[in-house]
Amino acid sequence: MTTGAPTSPSSARPRRSRLRTFLPLGVAAWVVLEIWLLTVVAGAASGLAVFLLLLAGVVLGSVVVKRAGRRAFQNLNEALQRGGSPSGGSGNGFVMLGGLLLMIPGLISDVIGLVLLIPPVQKALGKRAERSLDRRLRASARGGFGDAFQQARIHRPDGKIVQGEVIRHDEPGDTPREPRPPLTR
């Protein structure tokens with residue numbers, strides 16, 4: 001399906017963001033650093049000690065994720081029974097992220113995971129993430145959710161348009177139109 005909009009060769013490929021460019025390089029460097037550190041520790045202690053450290057990280061991480069998930073589910077249940085929305089986060093996201101980092105094999109990820117389990121660190125990171133999200137929302141284009149979808153749709157590289165139904169809101173002075181058909185088939 002074509003949109004009828006002229007396409008130029010220069011607009012056929014959008015510019016990649018820095019994150020998409022450097023993220024694979026960063027992940028590769030992190031993996032190499034984790035492997036190097038594991039070999040250094042294995043040389044200093046023993047292979048069994050490294051294996052036990054990794055196993056302890058997986059067990060501790062799974063316990064942390066299970067408890068944080070259970071706590072989040074209980075908060076959601078209580079909020080739904082009260083008829084409201086869940087109370088502000090309480091750090092479950094950072095606890096789960098810390099648990100997942102503990103489960104990933106490696107000593108650097110284990111240290112970062114343990115740091116994320118400290119409540120003052122969770123509060124500081126939560127405030128920073130909230131400020132960053134608020135700043136990005138204020139800097140975004142004016143309008144509601146529809147405008148954001150429109151902008152995302154315009155920048156699709158293949159130029160496809162998602163077909164949908166246009167809903168018009170009648171103004172008070174408009175003449176009534178014929179009834180609409182039901183939405184179900």
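Guide: pLDDT is the predictor's confidence in each residue, from 0 to 100. The model is predicted: local features need pLDDT of at least 70 and side-chain atom pairs 80 or more, while totals for chains, interfaces and linings use all residues. Residues are numbered from 1 along each chain as its sequence is written, and side-chain values use heavy atoms, without hydrogens and water.

Visitor: Which helix of the chain has the highest confidence, and which the lowest?
Guide: Across the chain, pLDDT averages 76, and 64% of the residues score at least 70. Helices here are DSSP runs of H or I with at least four residues, numbered from the N terminus. The highest mean, 92, belongs to helix 4, and the lowest, 48, to helix 6 (residues 145-154).

Visitor: How many contacts beyond four places in sequence does the model have for residues 148-156?
Guide: A contact means heavy atoms within 4.5 Å. Over residues 148-156 pLDDT stays under 50, and the number of such contacts is 4.

Visitor: How many helices and strands are there in the chain?
Guide: From the N terminus on, the order of elements is α-α-α-α-α-α. Strands would be DSSP runs of E with at least two residues. The chain has 0 strands, and its helices number 6.

Visitor: Is S109 buried or exposed?
Guide: S109 belongs to helix 4 (residues 107-116). Its relative accessible area is 1%. Buried means under 20% and exposed over 50%, with a 1.4 Å probe and protein chains only, so S109 is buried.

Visitor: Which backbone oxygen does the side chain of S109 reach?
Guide: Not counting residues up to four places away in sequence, S109 touches W30, E34, L101, L102 and I104. At 3.3 Å, its side chain reaches the backbone oxygen of L101.

Visitor: Which helices do the buried residues of helix 4 pack against?
Guide: In helix 4, the buried positions are L107, S109, D110, G113 and L116. They pack against helix 1 (18-44), helix 2, helix 3 (92-103) and helix 5 (119-139).

Visitor: What is the relative accessible area of L55?
Guide: L55 lies in helix 2 (residues 47-82). Partly exposed is the class between buried and exposed, and L55 falls in this class because its relative accessible area is 42%.

Visitor: What percentage of the residues in the chain is buried?
Guide: The chain has 185 residues. Of these, the buried ones make up 12%.

Technical notes
Polar contact = N/O pair within 3.5 Å; in protein donor to acceptor, adjacent residues only side chain to side chain.
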